[in-house]
Amino acid sequence: MYYNDKTVSFFDGKFVKSKEIAISPFAQTLHYGLGVFEGLKAYQTQHGVRIFKPTEHFTRMKKTAEALHLPFDYDIAELEEIAYELLERNKFKNAYIRPILIAADNMGLLTGGDTKLFMATWKWPRYLGDRLLNTCISSYRRIHAQSLPVVGKITGCYVPNIMASTDAKQRGFDEAIMLDENGYVAQAPGSNIFIEKEGVLITPPLGNIMPGITRATVIEIAKSLKIEVFERVITIEELLEADAAIFTGTATEIVGIASVEGTALKLLFDKSQCARIAEAYNELVHSVHEPAYTII
Ligand code: PMP
C-alpha cells in the first residue's frame with residue numbers, strides 16, 4: 001500500500017527505490033522511540049502541485065529534533081525541495097508526505113548520536129474518512145506535558161495514541177478523544193479538536209496538545225469568516241453538550257463529529273459553523289496562492 005517496485009523515497013542523502021532501503025535493527029528509534037517525524041500533504045491546485053504549508057511543517061520538525069538533541073543537518077528550503085522532487089519522481093499530485101529522522105544504532109539511553117533522514121510519499125485518502133464520526137472518551141490520556149517537550153511529532157509519544165484509537169475501534173467507535181493530565185479534553189490520537197457552542201468555536205490551548213498546523217489554519221479561517229474562537233480548557237460536560245465539533249489535522253483534514261459516547265451533538269452538521277470552516281479549508285488547500293476564504 002505504501003510503496004511498490006517503482007516507488008522512490010529519499011534516504012540518507014539520496015533518492016532510492018523504497019524497496020531497496022534497509023534500516024538497521026539496532027536503530028535507537030526502533031528500540032526506544034527516539035525519533036521525529038512529520039506529515040505533510042500535497043494537492044493539485046490551479047497553480048500546479050502545491051504542498052500545504054511546508055515551511056511550517058519542516059520548521060516544526062527541526063525544532064522537535066533540536067528539543068530532543070538529535071542532529072538535523074538539513075535546512076528548511078532543502079527539505080521543501082526534496083519533498084517536491086519526491087512528488088515529481090513518483091508522479092504524484094495529491095499525496096501525503098512523511099519525513100522521519102531516524103536515530104542511528106545505539107542501544108544506550110543517551111540522545112545526540114547520528115541520524116538519517118527518510119522521506120516517503122504515498123496516496124492517502126482522508127485519514128478518518130469523509131463521514132461524521134462516532135467518538136468516545138478514551139481512558140488513555142495524552143502524554144503528560146512534562147514528560148516530553150510539546151513541540152512536534154516525537155515517535156515514542158504515539159504509543160498511548162495507538163492504544164486509544166485501537167481501544168475506541170474495539171468498543172465500536174470510529175475514533176477516541178483523549179483527555180490531558182488534568183482531565184480536560186485534549187485532542188484525538190492524530191488530530192486536534194474544536195467544539196462549537198452557540199456559534200463560537202472553542203479549542204484546547206497550546207501547552208500539552210500537538211501545536212497543529214491545521215489547528216492554526218482553522219483559527220485563521222475562523223477569524224476571516226468572523227467566527228469567534230476561544231483557546232481555553234474544555235470539560236467533558238462541555239464536549240457532551242456541544243452543538244458541533246471537528247477533528248483537524250493534515251491527514252485528517254477536517255472531519256465532523258456526530259456523537260461522543262453515544263450522545264449526538266445538537267446541530268445538524270451542515271448547519272454548523274464547523275461545516276463552513278471545513279468547506280473553506282478544502283478550498284484553501286486546493287488554491288494555495290489565492291485563499292478562497294479571504295474572498296468569501
Ligand atoms: N495531533 C497529533 C498527535 C498528530 O499526530 C497530528 C498530525 N497528524 C495532529 C494533532 C494535527 O497536526 P497538523 O494539523 O499539524 O497535521
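**Figure 1. Domain 1 and domain 2 of the predicted model.** Contact between the two domains involves 21 residues of domain 1 and 20 residues of domain 2.

**Figure 2. The largest nonpolar core.** This core has 34 residues, and Phe58, Leu70, Ile97, Leu117 and Met119 touch the most other members. At least two residues of the core come from each of the strands β3 (35-37), β4 (40-45), β6 (95-103) and β7 (115-122), and likewise from each of the helices α2 (54-67) and α3 (76-89). The core lies between domain 1 (8-122) and domain 2 (133-284), because both domains give residues to it. A second, separate core has 22 residues, among them Val218, Ile246, Ala275 and Ala280. In soluble globular proteins, nonpolar side chains tend to be buried together.

**Figure 3. Surroundings of isoleucine 97.** Which residues does isoleucine 97 touch, not counting residues up to four places away in sequence? With that exclusion, the contacts of isoleucine 97 are Glu38, Gly39, Leu40, Ala42, Ile51, Ala83, Leu87, Met119, Ala120 and Thr121. Of these, Met119 is, with Ile97 itself, among the residues of the largest nonpolar core that touch the most other members.

**Figure 4. Packing of α2 on α3.** Two packed helices are described by the angle between their axes and the distance between the axes. For α2 and α3, the angle is about 120 degrees and the axes are 9 Å apart. This angle makes α2 oblique to α3. The α2 and α3 crossing is right-handed. On the α2 side, the contact is made by Pro54, Thr55, Phe58, Thr59 and Lys62, and on the α3 side by Ile76, Leu79, Glu80 and Ala83. Phe58 of this contact is also one of the residues with the most contacts to other members in the largest nonpolar core.

**Figure 5. Packing of α5 on α7.** The axes of α5 and α7 cross at roughly 110 degrees and come within 10 Å. Helix α5 is therefore roughly perpendicular to α7. Residues Thr214, Thr217, Val218, Ile221 and Ala222 in α5 meet Ile277, Ala280, Tyr281 and Leu284 in α7.

**Figure 6. Valine 285 in helix α7.** Valine 285 is placed in helix α7, which covers residues 273-285. Is valine 285 buried or exposed? Valine 285 counts as buried because its relative accessibility is 0%, and the cut-off for buried is under 20%. Not counting residues up to four places away in sequence, valine 285 touches Tyr43, Thr45 and Phe52. Isoleucine 219 is 66 residues from valine 285 along the chain, and the C-alpha atoms of the two are separated by 15 Å.

Figure 7. The loop between β13 (200-203) and α5 holds proline 211. Proline 211 is partly exposed, with a relative accessible area of 24%. Its contacts, not counting residues up to four places away in sequence, are Arg60, Val151 and Leu206. Proline 211 and arginine 60 are 151 residues apart in sequence, yet 9.0 Å apart in space, C-alpha to C-alpha.

**Figure 8. Two residues with positive phi.** Most residues other than glycine have a negative phi, and most peptide bonds are trans. Lysine 226, although not a glycine, has a positive phi of about 60 degrees. The place of lysine 226 is the loop between α5 (213-224) and β14 (229-231). With a relative accessible area of 74%, lysine 226 is exposed. Glutamate 253 is not a glycine either, and has a positive phi of about 60 degrees. Glutamate 253 is found in strand β16 (residues 253-260). Its relative accessible area is 5%, so glutamate 253 is buried.

**Figure 9. Threonine 263 in strand β17.** Strand β17 (residues 263-264) contains threonine 263. Threonine 263 is partly exposed, at 34% relative accessible area. Not counting residues up to four places away in sequence, threonine 263 touches Leu240 and Ala258. Tyrosine 32 is 231 residues from threonine 263 in sequence and 39 Å from it in space, C-alpha to C-alpha.

Notes
Residues are numbered from 1 along each chain as its sequence is written. This is a predicted model: local features need pLDDT of at least 70, side-chain atom pairs count only at pLDDT 80 or more; totals for chains, interfaces and linings use all residues. Side-chain values use heavy atoms; hydrogens and water are left out. A nonpolar core is a set of buried Ala, Val, Leu, Ile, Met, Phe, Trp, Tyr and Cys residues joined through side-chain atoms within 4.5 Å. Buried means under 20% relative accessible area, exposed over 50%, partly exposed in between (1.4 Å probe, protein chains only). Helices (H or I, at least four residues) and strands (E, at least two) are DSSP runs, numbered from the N terminus. Domain bounds come from an automatic or database domain assignment. Contact means heavy atoms within 4.5 Å. Axes are lines fitted to C-alpha atoms, for helices over the stretch in contact, and angles run from 0 to 180 degrees between N-to-C directions. Angles under 35 degrees count as roughly parallel, over 145 as roughly antiparallel, 65 to 115 as roughly perpendicular and the rest as oblique. A crossing is left-handed if the near helix is turned anticlockwise from the far one by less than a right angle, and right-handed if clockwise.
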